[in-house]
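Welcome to a short tour of one chain.

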Amino acid sequence: QVQVVESGGGLVQAGGSLRLSCAASGRTFSRYAMGWFRQAPGKEREFVAHISWSGASTNYADSVKGRFTISRDDAKNTVYLQMSSLKPEDTAVYYCAADPWGNSYYYSVASYDYWGQGTQVTVSS
């Protein structure tokens, strides 16, 4: 079974930066599209960023565009989310997810088959 594990969360002041890592098992990781989602207390899980299996295509939620960067290192079976210019509204549990099928609806939770446990990101004002 594919395992997905996030790390790198923590407490950071507004305007600061943080890099999240997502380590995934699986021989075919390099062919998986990957996504980052986040969920704040009392809210639905929302799309943050997506990267295609090849890394040639990336997509971002409007709220993070220009501030967050998703990347992948297939040699390490790892995807990253570099977060800069963090705002208090970025506070959430961040989840990494894998999509083996390359679904068109990369922004939808339902497109992803494998999920990590989440890592907490707290941005103080």
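Two rings of Phe, Tyr or Trp count as a pair here if their centres lie within 6.5 Å. With that in hand, ring pairs link F37, F47, Y105, Y106, Y107, Y112 and W115 into a cluster. Please keep in mind that this is a predicted model.

## The aromatic rings

How many aromatic pairs does a search of the whole structure find? The search gives seven. One of them joins Y105 and Y107: the ring centres are 5.8 Å apart and the planes stand at 65°, so the pair is edge-to-face. Another edge-to-face pair is made by Y112 and W115, with 6.0 Å from centre to centre and 70° between the planes.

| Residue | Relative accessible area | Class |
|---|---|---|
| Y105 | 52% | exposed |
| Y107 | 42% | partly exposed |
| Y112 | 4% | buried |
| W115 | 23% | partly exposed |

Buried means under 20% relative accessible area, so Y112, at 4%, falls in that class. W115, at 23%, counts as partly exposed.

Is H50 buried or exposed? H50 is buried, with a relative accessible area of 7%, and its place is in strand β5, residues 46-51. Leaving aside neighbours within four places in sequence, H50 is in contact with A33, M34, G35, S57, T58, N59, I70, Y106 and Y112. Two of these contacts, Y106 and Y112, also belong to the ring cluster.

## Charges over rings

For R45, the ring is that of Y95, and the charged end is 3.7 Å from the ring centre. For R72, the ring is that of F29, at 4.8 Å from its centre.

## A hairpin and its sheet

What is the sense of pairing between β7 and β8? β7 and strand β8, residues 78-83, are antiparallel and share six bridges. Within this pairing, R72 stands opposite V79 in β8. The two strands form a hairpin with four residues between them.

N77 is found in the loop between β7 and β8, and its phi is near 50°, a positive value in a residue other than glycine. Most residues other than glycine have a negative phi. N77 counts as partly exposed, at 21% relative accessibility. S85 also has a positive phi, of about 50°, although it is not a glycine. S85 sits in the loop between β8 and β9 (92-99) and is partly exposed, at 40% relative accessibility.

In general, strands of a sheet pair through backbone hydrogen bonds.

## The chain as a whole

Stepping back, the secondary structure comes to zero helices and eleven strands. Why can the chain be called as compact as a globular protein of its length? Its radius of gyration is 13 Å, close to the 14 Å that the globule rule gives for 125 residues, so the chain is as compact as a globular protein of that length. Along its principal axes, the C-alpha trace spans about 40 × 25 × 25 Å.

Of the 125 residues, 42% count as buried; Y112 is one of the buried residues, and H50 is another. Among contacts in the chain with a separation of 6 or more, 57% come from residues 24 or more positions apart.

Methods:
Residues numbered from 1 in each chain as written. Predicted model: local features only at pLDDT ≥ 70, side-chain atom pairs only at ≥ 80, totals over all residues. Heavy atoms only, no water. Phe/Tyr/Trp six-rings, centres within 6.5 Å; stacked < 30°, edge-to-face > 60°. Buried < 20%, exposed > 50% of the residue type's maximum accessible area, 1.4 Å probe, protein only. Lys NZ or Arg CZ within 6 Å of the ring centre and 35° of its normal. Pairing = 2+ DSSP bridges. Contact = heavy atoms within 4.5 Å. Rg over C-alpha atoms; globule rule 2.2 N^0.38 Å.
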